[in-house]
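This report covers a sheet and a ligand site. The sequence and structure come first.

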Amino acid sequence: MLVSFFFALREGGLKVSITEFLTLLELLKKRVICFDVEEYYYLARACLVKDEALYDRFDRVFSAHFKGIEQSFGPAGADLPEDWLRKQFELGLSEEEKARIQALGGWEILMETLKKRLEEQHERHQGGDKWIGTGGTSPFGAYGYNPEGIRIGQQGSRHRRAVKVWDKREFRNLDASLELGTRNLKVALRRLRRFAREGAAEELDLPDTIESTAKNAGLLDIKMVPERHNATKVLLFLDIGGSMDDHVRVCEELFSAASSEFKHLEYFYFHNCVYEGVWKDNKRRHLHRTSTMDLLHKYSADYKLILVGDATMSPYEIHYPGGSVEHWNEEAGSTWMKRLLDTYHKAIWLNPEPVNRWPYTPSIQMMSELMEQRMFPLTVNGLEQGMRELS
Amino acid sequence: MSDKRFTGTDCYVATEDLTTAVNAAVTLGRPILIKGEPGTGKTQLAQEIARGLDKPLLQWHVKSTTKAQQGLYEYDAVARLRDSQLGDERVHDIANYIVKGPLWEAFELDKQAVLLIDEIDKADIEFPNDLLRELDRMEFYVYETHQTIVAKHRPIIVITSNNEKELPDAFLRRCFFHYIRFPDKETMVDIVEVHYPGLKKELLSEALNVFYGLREVPGLKKKPSTAELLDWLKLLLAEDVPPEALSSDDRRKTLPPLHGALLKNEQDVHLFERLIFLNQRNAR
Ligand SMILES: Nc1ncnc2c1ncn2[C@@H]1O[C@H](COP(=O)(O)OP(=O)(O)OP(=O)(O)O)[C@@H](O)[C@H]1O
Ligand SMILES: [Mg+2]
C-alpha cells in the first residue's frame, strides 16, 4: 500500500525521493505515534512535500489513493508495516512496478538503503540486539524492523467528520500551475538576481588583508573587494487597457513584486503592441509619452526586457503602419518590436492568456514568432521558465 | 530520545498538522522547515517548543550578510592582528580567537537543545547548501585547532523562511516541512484567548468579522496578520471600544476604529477609503 502510494505521488507529479520515503518508513517504524489516518496524512505530508504549492497536488493524490482507507486499515491495532511488507513480498510486484522500481535505481538499492537505515536505527536504540539475521517466518524479519509495528487506531472523533482534511483542498490556491500571487512572483523574480561582482572596491577583504599584512612583515596592508550587489537591470513593459483589463491586476502584482526586487527597474505601459511611444502614468498617457527611440538609447543593452501582455489583437496592429487602434503609427508594431529585440538580447514576453488558447489566436502566434518563441504563460511556472531564459 | 510530545503551550496555539510535523522532527532528530505568511507564529514556534519540551533554546537570526560558517564558529582575525601588534601573549594560541557560533553551542550542551535558524531565506543562495553536512551528521571540523565538534545530543533544529528565495532540493530533502496556514476563525479565537484571556465574546466576534473582511479586500499591499489583530485588540480594549462600534452596518460607512493598527500602509488606507466611498454611493 505504501509503495503504491509512493508511485502514485510520483505519477501525480511530486518528485518524492527515496530518501524522503525512507524517512517516512523510519517514522512509522518508530511507532512513537499511536496514530490515525489524519495524523498519517500530516506525517506523510511533512516528510514528502517540501513546497506548499504542491500541497494541493498531494491532497488530490492522497484522496484518490486512500479512498475508504479506514476500512482497509482494519481493526484497531493492526500492524501496518508488517502487514505491508509481508504483503508486498508475498504478492510480489507486477511487471510494471518492477520496471518502475528499476527506473528508480532498483529494488535492491531501495531495500538495501532501507535495511541500512533500520540497522543503524536498531543499533542506536536497541543496543545491538539480535534482530538482524534472525529471519524467521517474516521475510523481512531479517531487516530488523520493529515487529510490534504501528498501531493504527480509530480513536478520536475526527473519523466522524464529514469531510477529510485532504478533501477540503485548502491549499488549492497555492498551486503554482494555477494561481499567480505576489508571494509566488517574488520567488520567481528572484531568479533574476545575479550577484555579479561589479563596480568599485567597497568592502574590506579581511582574509586577504591579513595574508598581505603577514607577508608585509606585519605592516598593515589593506585589501578591498567589490561589494556584492544585485546587478540585474530590467525594463518592464506592461500592456494596459482593452482586452488586457482582466489581467491588469495580475500585472499589477507582477509589477509590485518586481519593483522591490531590482536596483534598476524601469517600467513603461503600452497598449497591445509597442509603437513609437510608451508612457509611465496611465492616467496621463495622452499627455506624457516617452519616445521609444529615446528609450532605446537611454537604457543600455545589458538591460533585460520583459513584456507583459495578452498579445490578443488584430494582426494589423502588429504588421501594418497605421494599424494601431488608438493612433496613427508611422511604422508597424513589428518594426518597433524588432528594434527593441535587436537592442535587448535578453528578452521575454509573459502572456496571461491560458496557453491552450494561444494556437487559436493568430496575433499571439505572430508575436511569439517575433519574440523567437520566448513567450511564456503568466503563471509561476511560466515565469520560472522565462527567468531561466533571461539569466 | 524524548518521550514528551509537543502539543503547543499555554501561550501558543499549535494545530494538529503542526504538532505532528514538529514531533516527527523531534523523533528523528532532523531539522524542520517552517514557512507561512508573516505573523503566523513561525519564529515563536521554536521558543514554544523549547518551553513545551523543557529544553534550552539557542537562536540564530539570519541576515543577508550571514555566512553559514558563522553558525559554526568564527576566527576573530582582527583581534589577533591587534594583539600581535600590541605584543599580547594570547596571540600564540589561536584558540583564543575562535568564537563559537550557535550550532557549536548547541552541539556541546549536555542536554538536547532547540536551535532556531530564523529567516534562512534572507541569506545567500549558497547558505543552506553550506550547512548540509552539519545538519545531516551534526558535526563539523575546526581547521584552526584541528578538532572535530560532534553534537552530544542532536538539537531540534527549527528553520523558518519567508519564501524570499527558493531553497535547494538537497537541503529540502533533509528537512521536514510545514507550511503554517493562515489561522481560520476557530483557531484565531484560541490564539486571541491565549493573549487576552476572557475577552468579551461579542467584541471578539465583531472584531474578527472586521479583520477577516479586511483580509478579503482585493489589492491590499499588506494583509493584516495575527500580530496586527493582536495589536488592534489591545487598542480596542485600552480605548474601551464597544462591540457595536464594529458592527457590520457601521463598517460599510466608515473605517473601523483605530484602523491604523490593522492597515499600516497609506496606500491600503486609501484603497479602503475608496471602497467605502463606492459602497456608500451604491447604497444610495
Ligand atoms: N499560533 C499562535 N499562538 C499564539 N500566538 C501567535 C500564534 N501565531 C502568531 N502569534 C502571535 O503573532 C505574533 C507574530 O508571531 P511571530 O513573530 O512568531 O510570526 P512570524 O511568522 O515569525 O512572522 P514574520 O514572518 O514576520 O517573522 C506574535 O506576537 C505571536 O505571539
Ligand atoms: Mg519571524
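## Sheet in chain B

In this predicted model, five strands of chain B make up an open sheet with parallel pairing, ordered β2-β5-β8-β1-β9. At its edges lie β2 (57-61) and β9 (176-180) of chain B, each of which pairs on one side only. On average, and with direction ignored, neighbouring strands of this sheet are turned by 20° against each other.

Within the sheet, strand β1 (residues 32-36) of chain B pairs with strand β8 (residues 156-161) of chain B in the parallel sense, over four bridges. Opposite K35(B) stands S161(B) in β8(B).

## Surroundings of ligand 1

The shell around ligand 1 holds 17 residues, and the closest are V13(B), G39(B), K42(B), T43(B) and Q44(B). By class, seven shell residues are nonpolar, eight are polar and two are charged.

Three helices of chain B each supply at least two residues of the shell: α2 (42-53), α9 (185-195) and α11 (226-238). Domain 1 (16-180) and domain 2 (185-283) of chain B each provide at least three residues of the shell.

A polar side-chain atom of T43(B) is 2.6 Å from an oxygen atom of ligand 1, and a polar side-chain atom of K42(B) is 2.7 Å from an oxygen atom of the ligand. V13(B) contributes a polar backbone atom, which lies 2.8 Å from a nitrogen atom of ligand 1. Ligand 1 taken alone exposes 640 Å², of which the protein buries 79%.

Definitions and conventions: Residues numbered from 1 in each chain as written. Chains lettered and ligands numbered in written order. Predicted model: local features only at pLDDT ≥ 70, side-chain atom pairs only at ≥ 80, totals over all residues. Heavy atoms only, no water. Near = heavy atom within 4 Å. Polar contact = N/O pair within 3.5 Å; in protein donor to acceptor, adjacent residues only side chain to side chain. Areas by Shrake-Rupley, 256 points an atom, 1.4 Å probe, with all protein chains shown as cover. Nonpolar A, V, L, I, M, F, W, Y, C, P; charged D, E, K, R; others polar. Domains from an automatic or database assignment. Pairing = 2+ DSSP bridges. Axes fitted to C-alpha atoms, helices over the stretch in contact; angles between N-to-C directions.
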